[in-house]
Amino acid sequence: QPPIRSLPLPLKQTERIGSCDVVALPGHCQELRAMAVTIEASRPSLTSPGDAAAGAPVHGMSLLSLAALQLLLVVVGASAKSMTGSPTVHTRVTRWSVLAIAVLFTFYTLDNTQYLVAGEFITGLRFFQFFVAGGICAFATHAACTPIDVVKTRLQTNPGSYNGTMHALRTIVAEEGTAALFRGLAATASGYFMHGAFKYSFYELFKMILADTPEIAMKKPPLHVAATAGFLAECVACIPLTPMEAIRIRSVADPAFAGGVRDGILYIYKTEGVYGLFKGLPSMLLKQVPYTVGQFVAFEFALVLVKFVAELAMGSMNEISASGAAAISLCSGLIAG
């Protein structure tokens, strides 16, 4: 907020002091100007996470540097493979490149998060609220859709055994019982709880980091900010989801596979190592990232549209109840979906 606001004094003189037009008595303007200079010099500049003058990292250059480093490492890995003829060298370089990007990205996010916390744009409690709310919503929706996922997975893994979706559904229930439709429920629920928790909490965080100011991100983020924030948040969220998806798919495709999440993780780790748990990560990213980018861009656009229609129908939306805000979010989600 501007340090000096309009003062309730007789209209004698108007001067530009700081970022406000101040109306004051002539003798007071010099004193107010000195106060404004003192306030501006004593408080930290919180204009943007990308403001280098405020001591915060320049997020555009940081992202560009990360992308350039990733490209360089991939080129080095491909060159090593062509020169040595060994895919092992290429695999190792690729893994080290992913690790390097993850480390640099972590430091970049932490630096900007410290800036946001210092400016009180986000708190630990607020981030935790986003985290839990996103996890609960993702858990509920994906758990409810588990039977659909079971049928879809069977159709993909055994294409010649079923004539269609309804035939697969009836066959599974007749041969294995209704409980078979919920096979993999624990892995689905736990995996997508973590996925939703990380996706929605980091989406809100990255919006504030990437926008010109955190206030813009909280009110009406530009669509390119929503797209980039969704892209980055999904990259983070896919990491805890990938092992759970590996367990879910194997338990649905093979009824003799390990019974629970813990047993499935231990079995894959013992037989294939850590790589076995995360070897589906590239495919997961190719599936989830475009979907999430479209999801958040569509939601932010739909939110503006729904608010506009609501203001035409009911007047100003400056003061709105919790149920009204929930109804607007619900309508926006339906349109975006």
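1. In this predicted model, R250 has a relative accessible area of 23%, so the residue counts as partly exposed. Its salt-bridge partner is E272, and the closest N and O atoms of the pair are 2.7 Å apart. Because R250 belongs to helix 9 and E272 to helix 10 (residues 261–272), this pair ties together parts that are 22 residues apart in sequence. E272 is likewise partly exposed, with a relative accessible area of 30%.

2. Salt bridges with shared partners join R154, E176 and R183 into one network. Within it, R183 pairs with E176, the closest N and O atoms being 3.1 Å apart. R183 is partly exposed at 25% relative accessible area, and E176 is partly exposed at 31%.

3. A further salt bridge links E245 with R248, with 2.8 Å between the closest N and O atoms. The two residues lie 3 residues apart in helix 9, about one turn of the helix. Both E245 and R248 are buried. The whole structure contains 8 salt bridges.

4. The axes of helix 5 (residues 146–157) and helix 9 (residues 223–253) come within 9 Å and cross at roughly 70 degrees; the two helices are therefore roughly perpendicular to each other. In this contact, D149, V150, T153, R154 and T157 of helix 5 meet R248, I249, V252 and A253 of helix 9. These residues comprise 4 nonpolar, 2 polar and 3 charged.

5. The largest nonpolar core has 18 residues, of which F202, Y203, F206 and L210 touch the most other members. Helix 7 (185–210) and helix 9 are the elements that give two or more residues to this core. Helix 7 gives the most, with 7 residues.

Terms used. Residues are numbered from 1 along each chain as its sequence is written. This is a predicted model: local features need pLDDT of at least 70, side-chain atom pairs count only at pLDDT 80 or more; totals for chains, interfaces and linings use all residues. Side-chain values use heavy atoms; hydrogens and water are left out. Axes are lines fitted to C-alpha atoms, for helices over the stretch in contact, and angles run from 0 to 180 degrees between N-to-C directions. Helices (H or I, at least four residues) and strands (E, at least two) are DSSP runs, numbered from the N terminus. Angles under 35 degrees count as roughly parallel, over 145 as roughly antiparallel, 65 to 115 as roughly perpendicular and the rest as oblique. Contact means heavy atoms within 4.5 Å. Ala, Val, Leu, Ile, Met, Phe, Trp, Tyr, Cys and Pro count as nonpolar, Asp, Glu, Lys and Arg as charged, and the others, Gly among them, as polar. A nonpolar core is a set of buried Ala, Val, Leu, Ile, Met, Phe, Trp, Tyr and Cys residues joined through side-chain atoms within 4.5 Å. Buried means under 20% relative accessible area, exposed over 50%, partly exposed in between (1.4 Å probe, protein chains only). A salt bridge is a side-chain nitrogen of Lys or Arg within 4 Å of a carboxyl oxygen of Asp or Glu.
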